[in-house]
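Here are my notes for you to read alongside the model. Have the 3D view open and click through the residues as you go.

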Amino acid sequence: MKFLVRIITLLAASVLFALPAAAQKPYEPQVGQAGKDVIWVPTPDEVVERMLRMAQVTPNDYVVDLGAGDGKIAIAAAKKFGARALGIEYNPEMAKHAQGNVEKAGVAGRARIVQGDIFVSDFSQATVITMYLLPALNLKLRPQILSMRPGTRVTSHSFTMEDWEPDETSSMDGRRAYFWVVPANVNGNWTLETGAERHELNFEQKFQKIDGSIAFGAMQAGLRDARLRGFAISFAYVDNNGVRRDFSGRITGGRMEGSFRADNGSEGRWTAAKK
Ligand SMILES: C[S@@+](CC[C@H](N)C(=O)[O-])C[C@H]1O[C@@H](n2cnc3c(N)ncnc32)[C@H](O)[C@@H]1O
């Protein structure tokens with residue numbers, strides 16, 4: 001009987017001691033594991049590298065990875081590019097694991113992983129957004145991304161933004177990385193002033209693509225080489241004397257300003273105000 005009690009005590013003790021050991025087992029994420037809106041599959045290193053290179057990330061950037069997984073993009077942004085980085089990950093265990101990876105990589109001063117849902121998170125301060133989600137999720141995020149500061153750079157592994165065409169597509173090993181710059185909104189009518197002259201200017205805009213016209217009395221002259229990149233704009237027109245004028249400048253809300261140069265050698269400053 002004594003022997004039996006001893007065996008039972010030993011068994012009970014081994015179960016009790018085994019429990020904390022099992023609880024301490026490190027969390028091991030599994031590729032393909034379910035996520036809230038998309039499963040976890042890590043972006044391969046060379047694609048991460050290209051995404052951050054195509055966005056021309058520098059130490060002045062604040063990179064936000066939407067759906068951070070094991071934190072590898074935020075870690076690379078901080079470690080290789082010296083940027084501040086944030087990863088937003090819905091799965092609490094994964095977020096904790098990723099934060100552990102950040103600490104192991106020695107970049108806890110610059111990178112951080114937080115548990116959160118990208119669809120209710122504020123990432124408006126990011127200068128660079130990275131994503132490896134799904135086409136429908138990119139589309140759902142698109143209005144929020146388009147309302148970010150003009151010039152914000154966006155990269156996506158594998159998935160596009162439908163009719164918002166990328167500014168760059170890079171391919172490697174059968175995988176694609178896409179890049180966009182959030183454009184300023186210039187759509188509509190503006191009053192252009194170049195010294196003594198004043199003209200009505202109109203822009204039609206589809207994402208970063210612009211075209212337009214300028215009024216010379218009853219005539220609408222088409223713009224040439226109109227280009228928008230973030231908050232930078234350039235365009236040209238040929239005036240009623242047959243002189244081509246090239247404009248470049250910056251957009252700040254409802255104002256634009258910059259410099260122009262004409263075929264006949266004249267040059268100067270210009271401003272435009274949204275009507
Ligand atoms: C395809 S993985 C990409 C991971 C990482 N960005 C990379 O490229 O290596 C997508 C990640 O998003 C997470 N996720 C899914 N839905 C989410 C949501 N609504 N908010 C935050 N994270 C989410 C998943 O748990 C998964 O870790």
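1. Start with the lining of the largest pocket: its residues divide into 19 nonpolar, eight polar and seven charged. Here Ala, Val, Leu, Ile, Met, Phe, Trp, Tyr, Cys and Pro count as nonpolar, Asp, Glu, Lys and Arg as charged, and the others, Gly among them, as polar. Keep in mind that this is a predicted model, where local features need pLDDT of at least 70 and side-chain atom pairs count only at pLDDT 80 or more, while totals for chains, interfaces and linings use all residues. Residues are numbered from 1 along each chain as its sequence is written, and side-chain values use heavy atoms, with hydrogens and water left out.

2. How much space lies in the largest pocket? About 470 Å³. Of the 34 residues that line this pocket, Val38, Ile39, Gly67, Glu89 and Leu133 are the closest to its centre. Helix α3 (72-79) and strand β2 (84-89) each supply at least two residues of the lining. A pocket is an open set of points on a 1 Å grid over the protein atoms alone where a 1.4 Å probe fits, with protein on both sides within 12 Å along at least five of seven lines; lining residues have an atom within 4 Å of a point. Grid points are joined across faces, edges and corners, and the volume is the space filled by probe spheres set on the points. Helices (H or I, at least four residues) and strands (E, at least two) are DSSP runs, numbered from the N terminus.

3. Now look at α3 itself. Six of its eight residues are buried, so α3 is largely enclosed by the rest of the structure. The buried ones are Ile73, Ala74, Ile75, Ala76, Ala77 and Ala78. Buried means under 20% relative accessible area, exposed over 50%, and partly exposed in between (1.4 Å probe, protein chains only). The cover over them includes α2 (45-54), β1, β2, α4 (92-104), β3 (111-115) and β4.

4. Helix α4 has 13 residues and reaches 18 Å from its first C-alpha to its last, close to the 18 Å expected at 1.5 Å a residue. That expected span is 1.5 Å times one less than the number of residues. Among its buried residues are Met94, His97 and Val102. The buried residues of α4 pack against α3, β2 and β3, where contact means heavy atoms within 4.5 Å.

5. Which residues of α5 (135-146) are buried? They are Leu137, Asn138, Leu141, Arg142 and Ile145. Seen down the axis of α5, these fall within an arc of 160°, so they line one face of the helix; the arc is that of the directions from the helix axis to the C-beta atoms. They pack against β1 (62-66), β4 (128-131) and β5 (153-157). The face turned away from the buried side carries the exposed residues Ala136, Lys140 and Pro143.

6. Check two backbone angles. Ser158, in the loop between β5 and β6 (168-172), has a phi near 75°, a positive value in a residue other than glycine. Asp225 also isn't a glycine, yet has a positive phi of about 50°. Asp225 lies in strand β12 (224-229) and is exposed, with a relative accessible area of 56%.

7. Last stop: Glu257, in strand β15 (255-262). Glu257 is partly exposed at 39% relative accessible area. Its C-alpha is separated by 6.3 Å from that of Ala272, 15 residues apart along the chain.
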